[in-house]
Amino acid sequence: MEKDKYEKFAEQLERCMEDFFYRVKSGKIKRESIGMSDSKLSEFLELMRLIEESKKEDKKFLEEQKAEAKHRKETKTSRISTVRFNGEKLPYTLIRSNKRRTISLNVKAGELIVRAPVNEHIFDIELFIESKYDWILRTLKRTRLVSNLNQEFWQDIWENKRISLLGIGTKIPISLISTGKSRFGENELRIYLRVGDDFSNRELFFISLIEFIKTVAKQQLLALTKEFASKDPLFRAKFQGIRISSAKTKWGTCRSDGIISLNWKLMILTPLEAEYVICHELCHLAYMNHSPRFWQRLRNFYPSMDIARTLLEQNVISEP
Ligand SMILES: [Zn+2]
């Protein structure tokens, strides 16, 4: 903050001096009326001339660099990364290019894309992201809401027969079968989905798939909830088990008898979102309301709650 103020002040001062310089140079201000000795004034004018020259040189240098970069063949690398600050995790795609000289941020369909020069230090990249944190959160929120992620999401699963569960990077291929039980492959990452005899029936496909995800959710979400509950004596004592729900608008609920309901759709979100909902419901075991004390407890228990909440709010995942 202080640095910002200082830079702004320096800029203003420089502009004032430039303005003064031109007025003197063009004779709009008479030398005699300035009240500066001739030698002081010459010194000042010489200084301004040097500043002007160095600005021209900077500009020329940048233009030369630009021209040179144009002819260079572009090589790019791209990877998924996470940045942490204030205890929060924010996933983003980092694209490095040898043609780039500055860092830029772009938010597309609820995803943060960071472009950077090939040699830029990761520390500087993360510092840059951090400085734009508020903008990123706002834009993530806006672009997710307007993007048509949901129908595309289901259509991709139907057309390509693959699905990502709990944010596992690789999408799990789905093979359709007509007999036997829906199951994971024994030594391979694959889902064998029983859909009956008609492999072209979209509705049957999704009924079977959702049934299968619910059975997986029963084990995986329970394991995850137990893991978090074990970190707090009160949660450990009060937590009694989970139910899998198909609610249209609620991600989870918590009953006073210690039973937590979790939406099966948490399985197709990122782990961050599923974790947040689980921790949110666990904290209701301490406070059955959304009082400030509840939020305080949740923030202490799950510090990534703000980013997770923002992601979750944007996920209006429709039915297939
Ligand atoms: Zn709640």
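A residue is buried if 20 or more other C-beta atoms lie within 10 Å of its own, exposed if 12 or fewer, and partly exposed in between, with C-beta atoms placed from the backbone. The model is predicted: local features need pLDDT of at least 70 and side-chain atom pairs pLDDT 80 or more, while totals for chains, interfaces and linings use all residues. Residue numbers start from 1 along each chain as its sequence is written.

**Exercise 1.** Classify Lys-132 as buried, exposed or partly exposed.

Solution. Lys-132 sits in the loop between helix H3 (122–131) and helix H4 (133–146); helices are DSSP runs (H or I, at least four residues) numbered from the N terminus. Lys-132 has 14 C-beta neighbours inside 10 Å, so this residue is partly exposed.

**Exercise 2.** Describe how H6 and H8 are arranged.

Solution. The axes of H6 (residues 202–229) and H8 (residues 271–283) come within 10 Å and cross at roughly 55°. Axes are lines fitted to C-alpha atoms over the stretch in contact, and angles run from 0 to 180 degrees between N-to-C directions.

Next, list contacts (C-beta atoms, placed from the backbone, within 7 Å). From H6, Leu-224, Thr-225, Phe-228 and Ala-229 meet Ala-274, Glu-275, Ile-278, Cys-279 and Leu-282 of H8.

**Exercise 3.** Find what Leu-282 contacts beyond its neighbours within four places in sequence.

Solution. Setting those neighbours aside, Leu-282 is in contact with Phe-228, Ala-229, Phe-235 and Phe-239.

Conventions: Contact = placed C-beta atoms within 7 Å. Helix = DSSP H or I, 4+ residues; strand = E, 2+ residues; numbered from the N terminus.
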